[in-house]
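Here is a short tour of the spaces and the surface of a protein model. Keep the structure open while you read.

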Amino acid sequence: MDQLTSSGSIVLLQCASAAVLPSVLHYVTNDIVKFLNVTSCSTAFGTQVWVGSIAGLTMFRTLKRRTFGKVQSKLFPKYAILNTSCSLMALVTYLHLNNIGPTDGFSKICGKWEGLMLTYNLLSNVANSLYFIPATTNLMFQIHARENALGLEDEVGQTSPLKRSDKSTDEDKNILKKFNINHGISMLMSLVSMGTCGAYLYFIAGGMTF
């Protein structure tokens, strides 16, 4: 099973779980639902800040590039699954707390900034889980295979030596271009997810009293 198929299966399972969740939430108190809402969004936001600004940069500057890529290929599917699960939980609990049902229109769900932020948050995470992270990973391994075939050096903190090698073919350059596009969009989706998650936490923080 390739990564795209595996990611699609996991997202479908997550959506199925989210469809069952509203019926379960009726049996718990609103305080617990609020706790689940804030915890899921905070977990996702903290994970995104850690991976994007601390763990990722540290590994890139410490590990050889292909080793770094292999670690990321194992880490990022889990990262995407966690973020998608948290965004689903946050949106479902938000809808429950605001008495918005599954048959209500998109305009009602996004009638407030909070709902709009959670919707975009979920969409960006699903896009990353279903396509951009698996596609980027597949292209990365194609690049690694070509580097190994050409005997190119694996260095710490450097971009692919295929960019600078005289041995690179037009096909190699095309793969590099596709990788850069998919990797760039995947990073953009992560930034959208982190930004909308942070914005949602900001909006609900405004309603807190101590």
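The notes below go through the pocket, the cavity and a surface patch.

## About the model

This is a predicted model, where local features need pLDDT of at least 70, side-chain atom pairs count only at pLDDT 80 or more, and totals for chains, interfaces and linings use all residues. Numbering runs from 1 along each chain as its sequence is written, and side-chain values use heavy atoms, without hydrogens and water.

## The largest pocket

The largest pocket has a volume of about 1,000 Å³. A pocket here is an open set of points on a 1 Å grid over the protein atoms alone, with protein on both sides within 12 Å along at least five of seven lines; lining residues have an atom within 4 Å of a point.

Of its 33 lining residues, Phe-68, Gln-72, Phe-76, His-183 and Met-187 lie nearest the centre. Helix α6 gives the most to this lining, with 9 residues. By class, the lining has 14 nonpolar, 17 polar and 2 charged residues.

## The cavity

The structure holds 1 cavity of 30 Å³ or more, a cavity being a set of grid points where a 1.4 Å probe fits but cannot get out. The volume of the largest cavity is about 40 Å³. Its lining includes Gln-48, Tyr-79 and Ser-190, and divides into 3 nonpolar, 6 polar and no charged residues.

## A surface patch

Tyr-120, Leu-123, Leu-188 and Val-192 form a nonpolar patch on the surface, with about 360 Å² of accessible area together. Patch members have over 30% relative accessible area and no salt bridge, and nonpolar side chains are joined within 5 Å.

Notes
Patches are made of residues with over 30% relative accessible area and no salt bridge: like charges are joined within 9 Å, nonpolar side chains (Val, Leu, Ile, Met, Phe, Trp, Tyr) within 5 Å. Accessible areas come from the Shrake-Rupley method with a 1.4 Å probe; for residues, only the protein chains shown count as cover. A salt bridge is a side-chain nitrogen of Lys or Arg within 4 Å of a carboxyl oxygen of Asp or Glu. Grid points are joined across faces, edges and corners, and a volume is the space filled by probe spheres set on the points. Helices (H or I, at least four residues) and strands (E, at least two) are DSSP runs, numbered from the N terminus. Ala, Val, Leu, Ile, Met, Phe, Trp, Tyr, Cys and Pro count as nonpolar, Asp, Glu, Lys and Arg as charged, and the others, Gly among them, as polar.
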